[in-house]
Amino acid sequence: MRITVPTARVLAALLADPGADHYGLELMQQCDLASGTLYPILHRLTEAGWLERHWEGVDPAEVGRPARRLYRLTATGATEARQALAELRAQLGGTATATDPRPAW
């Protein structure tokens with residue numbers, strides 16, 4: 001998979017808490033990306049098997065908002081994401097380790 005800077009930002013945000021569910025607005029704010037950039041990235045990562053997605057199990061009437069679509073790294077996705085970010089850091093001359101989710105850019 002080709003890792004662009006926006007994709008790397010998304011992967012770094014997901015790796016900051018790889019076992020947690022993340023939703024679109026949260027990732028947009030963390031990564032400073034527009035929805036038109038973020039959602040195609042999430043779709044590609046899901047199609048590649050790096051993410052799983054599901055709808056939040058809430059009653060919209062009770063919480064006063066629509067249910068969120070939640071995204072979580074798969075075990076394979078977490079491994080691949082760490083490797084991809086490590087390779088990107090190496091190409092950019094960074095010294096961070098593969099487990100360090102902070103982007104070098």
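This is a predicted model: local features need pLDDT of at least 70, side-chain atom pairs count only at pLDDT 80 or more; totals for chains, interfaces and linings use all residues.

The largest nonpolar core holds 24 residues. Which elements give two or more residues to this core? They are helix H1 (5–15), H2, helix H3 (35–47), S3 and H5. H1 provides the largest share, namely seven residues. As background, nonpolar side chains in soluble globular proteins tend to be buried together.

Within the core, the residues with the most contacts are Ile3, Val10, Leu11, Leu42, Leu45, Trp50 and Leu51. Take Leu45 as an example. Leaving aside residues up to four places away in sequence, Leu45 touches Met1, Thr7, Val10, Leu11, Trp50 and Leu51.

Next, Thr74. This residue sits in the loop between strand S3 (69–73) and helix H5 (75–91). Is Thr74 buried or exposed? Its relative accessibility is 17%, and buried means under 20%, so Thr74 counts as buried. What does its side chain reach? The side chain of Thr74 comes to 2.8 Å from the backbone oxygen of Gly49. Again without residues up to four places away in sequence, Thr74 touches Gly49, Trp50, Leu51 and Glu52. Trp50 and Leu51 were also on the list for Leu45.

Last, Glu26, which is in helix H2 (residues 24–31). Glu26 is buried, yet has no salt bridge. The nearest side chain of opposite charge is Arg68, 7.4 Å away. What lies 3.1 Å from a polar atom of the Glu26 side chain? That is the backbone nitrogen of Tyr23.

That is the end of my part.

How values were computed
Residues are numbered from 1 along each chain as its sequence is written. Side-chain values use heavy atoms; hydrogens and water are left out. Helices (H or I, at least four residues) and strands (E, at least two) are DSSP runs, numbered from the N terminus. Buried means under 20% relative accessible area, exposed over 50%, partly exposed in between (1.4 Å probe, protein chains only). A polar contact is a pair of N or O atoms within 3.5 Å; within protein, one must be able to donate a hydrogen and the other to accept it, and residues adjacent in sequence count only if both atoms are side-chain atoms. Contact means heavy atoms within 4.5 Å. Lys and Arg count as positive and Asp and Glu as negative; His and the chain ends are not counted. A salt bridge is a side-chain nitrogen of Lys or Arg within 4 Å of a carboxyl oxygen of Asp or Glu. A nonpolar core is a set of buried Ala, Val, Leu, Ile, Met, Phe, Trp, Tyr and Cys residues joined through side-chain atoms within 4.5 Å.
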